[in-house]
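Here is a friendly walk through one protein model, with notes grouped by topic. Please keep the sequence and the viewer open as you read.

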Amino acid sequence: MSVNATHDQADVDYDAVVVGAGFSGLYQLHRLRDELGLSVKVVEKADDVGGTWYWNRYPGARCDSESHIYCYSFNEEIMSEWQWSERYPEQPEVLEYLRFVADHLDLRKDIEFGTEVTSATFEEGTWQVETDDGETVSSQFFITAVGCLSTPYVPDFENRDAYEGETYHTGKWPHDSVDFEDKRVAVIGTGASGIQVIPEIGKEDVEHLTVFQRTPNYAVPARNRPLDDQTWEDIQRNYEDIMAEAHDDGSGFPFDTARQTAGDLAMEEVEQILEPRWQEGGWRFLVTFEDLLINPYTNEKVSQYLREKIREAVDDPETAEKLVPTDHYYATKRPPLHTDYYDTFNRGYVSLVDVTENPVERFTADGIRTEDGVEHEFDMVVFATGFDAMTGTLLQMDITGRNGRTLEEKWADGPNTYLGLGVHGFPNLFTVTGPQSPSVLSNMPVPIEHHVEWISDTIADLLEEGTRYIEPTRAAEEAWTEHNMDLAEETLYTTVDSWYMNENIPDKPTVFTPYPGGVDVYHDTICEVKQKGYEGYTLADSLDELGRDGEKPKLGIFEAMELLHDDPDMDLADLMEMA
Ligand code: N01
């Protein structure tokens, strides 16, 4: 389908500017350019496609989703021509896959690499997008495809800059190989990245590896293996069904969730049920009991099972106890898979510092001093300390909507969106896998495809109808934000500090950021919104029509003063919009 002939883009440089050339941005470019015939510019900070897989090239970086479902499903040729080599794809293979897709669809010519968006401002009805090369381009639509975990975070340890050794962050790993041989290495952080990089560094000829752990994690074995030709043929034969199942599932995997609870079962029965899943490895373990994330009794039994597995794997009982999580339920923080993680602590040259017992006091020129007074000397410190997740990259882009209001001001108390796809006050802005959409609680390519297709179809509808603007109403946004919070409160996710809760970055407001209701339910919801003529959105032909939300009468000056009197802290931009 092409809408090329039916719209007039004379007043803008591009129909759409897309930020990011990872899974989302590549597909978004293809849909808008090749299927709708629109002019699109993609701006990408890196020198190549890949998004998260361009940056996270630390040793051991591998996807926790199985490779045959961690990919696009929209193009049969791509699905049949690409063959994955292992059960879980390693970072270079995912990057190679995305390069293959970019070449296959001839996407690179519309991507400006090595360029960063420094601001995006909605001005006089169009988006003005400024980049760090000093250029500004205008577009009707502005689409962020920046991923959920793309701004690395390094804690502000005292005296950090005084350290004179090598430092690396897993999320911004250098392209040249890093030499660990005979070095004293520290790794700070035991999230999914730490759990992958620690065994790899531990395998090298390091002199000593010291792991600084704040919260122990429950890691389930990945049990990676090569995908032989026979397995691949079987996958190919059923590929369409497998992908359809993944797209209809609550978490974007072709898994059958067992319709059972562990709440009423004896521990021996729970162990018998879990053991085959443990042996099989991978995230099917997560769907053994349907109420894992809502029933504390079920979760406690699963957590107990995992704690025993850690105790069995680690030789030194004191180290084992430090590695056993006791303060949170399994999978309420993002559940990592591992390969040899616990075995690594059985090597004589690997030690563990529990920073809750013995916090980092400060960095020194030679390493790290802990509060017990010990000076740990290192040649290298690896920060596996995560990301300013979900909102960090969006906020850094300096996005300004109608009335000069910035996204940063708007989200001062945490993100509020409509469907995780758009924001009131920011017309024609679309956020692929934005906060309050399922994104990180699922197998990412699935919600990415759903979003890209929804956004593309929406843009096609607007252009065909000659409608200039689309913007969520304030009421719809408030309702969605409340719905998201209500759903989260019903789960165990809110019982622990995590990056899902925005808690990993000091001063970020505590709020659950992804949508926890499931990819399937969510997808039905966004399709229904479309079927109902974009329920919850204002569709407008002129700027004057925006911001009134259709249903709200304009405030008179006295009513506005009264509102301000009642709530002196009220945001003036909100008030201006109503008045
Ligand atoms: O980051 P994290 P990540 N002092 O935020 C610790 C995806 N991913 O890069 O738990 C000491 O999870 C922090 O401790 P605590 C995946 O979605 C996917 O590992 O906050 N420690 C934690 O241990 C994943 O969830 C894949 O108490 C400090 C660690 O640093 C997401 O990326 C692979 C500290 C950060 O863990 C992020 O994972 C890798 C401090 N001041 C990542 N501050 C695959 O698919 C933080 N920490 C395989």
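## Strands and their partners

In strand β19 (residues 469–472), Tyr 469 and Glu 471 point one way while Ile 470 and Pro 472 point the other, and all of them are buried. Buried here means under 20% relative accessible area, exposed means over 50%, and partly exposed is in between (1.4 Å probe, protein chains only). Helices (H or I, at least four residues) and strands (E, at least two) are DSSP runs numbered from the N terminus.

This is a predicted model, in which local features need pLDDT of at least 70, side-chain atom pairs count only at pLDDT 80 or more, and totals for chains, interfaces and linings use all residues. Residues are numbered from 1 along each chain as its sequence is written, and side-chain values use heavy atoms, with hydrogens and water left out.

**Pairing of β19**

- Strand β19 runs antiparallel to strand β20 (residues 537–540), and four bridges join the two. Two strands count as paired if DSSP finds at least two bridges between them.
- Across this pairing, Pro 472 stands opposite Tyr 537 of β20.
- In a regular strand the side chains alternate between the two faces of the sheet.

- Strand β1 (residues 14–19) is mostly covered, with five of its six residues buried.
- Strand β6 (residues 136–144) runs parallel to β1, and five bridges join them.
- β1 also pairs with strand β2 (residues 40–43), again in the parallel sense, over four bridges.
- Val 19 has Val 43 as its bridge partner in β2.
- Strand β2 is covered on both faces: Val 40 and Val 42 are buried on one side, and Lys 41 and Val 43 are buried on the other.

**Around the ligand**

- Which residues come nearest to the ligand? Of the 24 residues around it, they are Arg 62, Thr 190, Ser 193, Arg 214 and Thr 215. A residue is near a molecule or strand if one of its heavy atoms lies within 4 Å of it.
- Ser 193 places a polar side-chain atom 2.6 Å from an oxygen atom of the ligand.
- Thr 190 has a backbone N or O atom 2.9 Å from a ligand oxygen atom.
- Ala 384 likewise has a backbone N or O atom 3.3 Å from an oxygen atom of the ligand.
- On its own the ligand has 910 Å² of accessible area, and the protein covers 87% of that. Accessible areas come from the Shrake-Rupley method with a 1.4 Å probe; for residues, only the protein chains shown count as cover.
- Helix α5 (residues 192–203) gives the most to the shell around the ligand, contributing three residues.
- By class, that shell has eleven nonpolar, eight polar and five charged residues. Ala, Val, Leu, Ile, Met, Phe, Trp, Tyr, Cys and Pro count as nonpolar, Asp, Glu, Lys and Arg as charged, and the others, Gly among them, as polar.

**Cysteines**

- How many disulfides does a search of the whole structure find? The search finds zero disulfides, a disulfide being a pair of cysteine sulfur atoms within 2.5 Å.
- Cys 63 is in no disulfide, and the nearest cysteine sulfur, that of Cys 71, is 10.0 Å away.
- Cys 63 is buried, with a relative accessible area of 5%.

- Met 390 is not a glycine, yet has a positive phi of about 65 degrees. Met 390 is found in the loop between β16 (380–383) and α12 (392–396), and is buried with a relative accessible area of 5%.
- Leu 419 is another residue other than glycine with a positive phi, near 65 degrees. Leu 419 is found in the loop between α13 (407–410) and β18 (429–431), where a relative accessible area of 1% makes it buried.
- Is Asp 340 buried or partly exposed? At 34% relative accessibility, Asp 340 counts as partly exposed.
- Asp 340 lies in the loop between β11 (337–338) and α11 (341–344). The C-alpha atoms of Asp 340 and Glu 86 are separated by 17 Å, with the two residues 254 apart along the chain.

Definitions and conventions: Polar contact = N/O pair within 3.5 Å; in protein donor to acceptor, adjacent residues only side chain to side chain.
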